[in-house]
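Biologist: Could you walk me through this model, with the cut-offs behind each term? I'd like to follow along in the viewer.

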Amino acid sequence: MNNIKKLWIQLSMRRKKQFWLLFILMIIASFSEIVSVGTIVPFLATLTAPEPLFQSSYMQPFIRYLQLTEPTQLIFPLTILFITAAIIASVIRLALLYGMTRFSYAVGADLSIDIYRRTLYQDYTTHIARNSSEVINSIITKTNTVINGVITPILYLMSAVLMSLGIMSILLTINTKVALVAFISVGVCYLSVILYTHRQLRRNSKCIAQNSDMMVKSLQEGLGGIRIVLIDGNQEFFCNLYRKADLPLRRASGNNIFIGASPKFIMEAIGMILIASIAYVMSIQGTGIISIVPMLGALALGAQRLLPVMQQAYAAFSRIKGSRESFIDVLGLLNQKLPQKNKKI
């Protein structure tokens, strides 16, 4: 959390304003999900049994406005309402995705430029005391890691949390007990995965940060001194040096991708089991299949929206943990002091 605060301090006022605009769009997207999932109940209810819905006091203003006289006349306007809500929710989420992507890479460019600027203004003794390959790696590779492994995942995590809250609020309204059972079951599963994998993610993070420096160093020394390499015949030495850094880095990166993506398949199975179990329990309670279809449809749609969002949140968390060491290295270079006359106002 302290590292995130340090990153926030480094952002310009323009980027901070853009962030708050994105946050407002996240809230709007959350409300659009509430409407989208909420409209499924009256839509399915009017398809299965329109009479009770037609007589409902909540629907009377809507019925009078459209001048409807028969229960079956509700089908068309509610179908249009459901389709419209789904389209609006999709458009808002697409706009949010576009905004988050543009913002992440804009911030990444700001960080990379600022690191390079601060590095150039350091005194000569600082330059000769540090390894230039580590600085070059931080400016290019590790900044990209921060974009894809920290900034973008943070935005995805925030969006996922807000959307999860929105979807859960409407599911709790439809059926509190069922929604709580589903949410707690899925939440416990993801929490177990987080506790099981966080140490591995930290080890992978250190491996990626260290070996990316070694890769750039071997490239810089091998290609930068190619004349000496050709004269001495040291090609295999530099190939081995590169291989020793490259293989562990690729393996750690692959492990992080697997850890981030694997819970999805388990949670999909758990979601199907929960919906099937809920449907069975409700069917044997004697309430009638017609009466439970709207609620089951809403729960199924809610699960279809909620599970990917929770997977997105977990994947974002795992990417942040897996990029921690590279993030710390980038922050270290951002904290380089500038001469007073060269500081930005």
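This is a predicted model: local features need pLDDT of at least 70, side-chain atom pairs count only at pLDDT 80 or more; totals for chains, interfaces and linings use all residues.

Modeller: Residues are numbered from 1 along each chain as its sequence is written, and side-chain values use heavy atoms, with hydrogens and water left out.

Biologist: Happy with that. How many salt bridges does a search of the whole structure find?

Modeller: In general, side chains of opposite charge can pair when their charged atoms come close. The criterion here is a side-chain nitrogen of Lys or Arg within 4 Å of a carboxyl oxygen of Asp or Glu. Searching the whole structure with it gives five.

Biologist: Which residue forms a salt bridge with Asp110?

Modeller: The closest N and O atoms of the Asp110 pair are 2.6 Å apart. The pair links distant parts of the chain, 95 residues apart, with Asp110 in helix α6 (residues 75–120) and its partner in helix α2 (residues 13–38); helices are DSSP runs of H or I with at least four residues, strands are runs of E with at least two, and both are numbered from the N terminus. The partner is Arg15.

Biologist: Is Arg15 buried or exposed?

Modeller: Buried means under 20% relative accessible area, exposed means over 50%, and partly exposed lies in between, using a 1.4 Å probe and protein chains only. Asp110, at 29%, is partly exposed. Arg15 has 10% relative accessibility, so Arg15 counts as buried.

Biologist: What is the relative accessibility of Glu33?

Modeller: Glu33 forms a salt bridge with Arg93, their closest N and O atoms being 3.5 Å apart. This pair also links distant parts of the chain, with Arg93 in helix α6 and Glu33 in helix α2, 60 residues apart. Arg93 is partly exposed at 29%. Glu33 counts as buried, with a value of 1%.

Biologist: Which element gives the most to the lining of the largest cavity?

Modeller: A cavity is a set of points on a 1 Å grid over the protein atoms alone where a 1.4 Å probe fits but cannot get out, and lining residues have an atom within 4 Å of a point. The search finds one cavity of 30 Å³ or more, with a volume of about 170 Å³, taken as the space filled by probe spheres set on points joined across faces, edges and corners. Of its 14 lining residues, the closest to the centre are Ala182, Leu274, Leu299, Ala303 and Leu306, and the elements giving two or more residues are α9, α12 (263–283) and α13 (289–322). The largest contribution, five residues, comes from α9.

Biologist: Where does Gln67 lie?

Modeller: Most residues other than glycine have a negative phi. Gln67 has a positive phi of about 60° although it is not a glycine. With a relative accessible area of 68%, Gln67 is exposed. Gln67 lies in the loop between α5 (60–66) and α6.

Biologist: Last one: how far apart are the C-alpha atoms of Ala49 and Pro71?

Modeller: Ala49 lies in the loop between α3 (40–48) and α4 (50–55). Ala49 is partly exposed, at 23%. Ala49 and Pro71 are 22 residues apart along the chain, and their C-alpha atoms are separated by 8.8 Å.

Methods. On a 1 Å grid over the protein atoms alone, a cavity is a set of points where a 1.4 Å probe fits but cannot get out, and a pocket is an open set with protein on both sides within 12 Å along at least five of seven lines; lining residues have an atom within 4 Å of a point.
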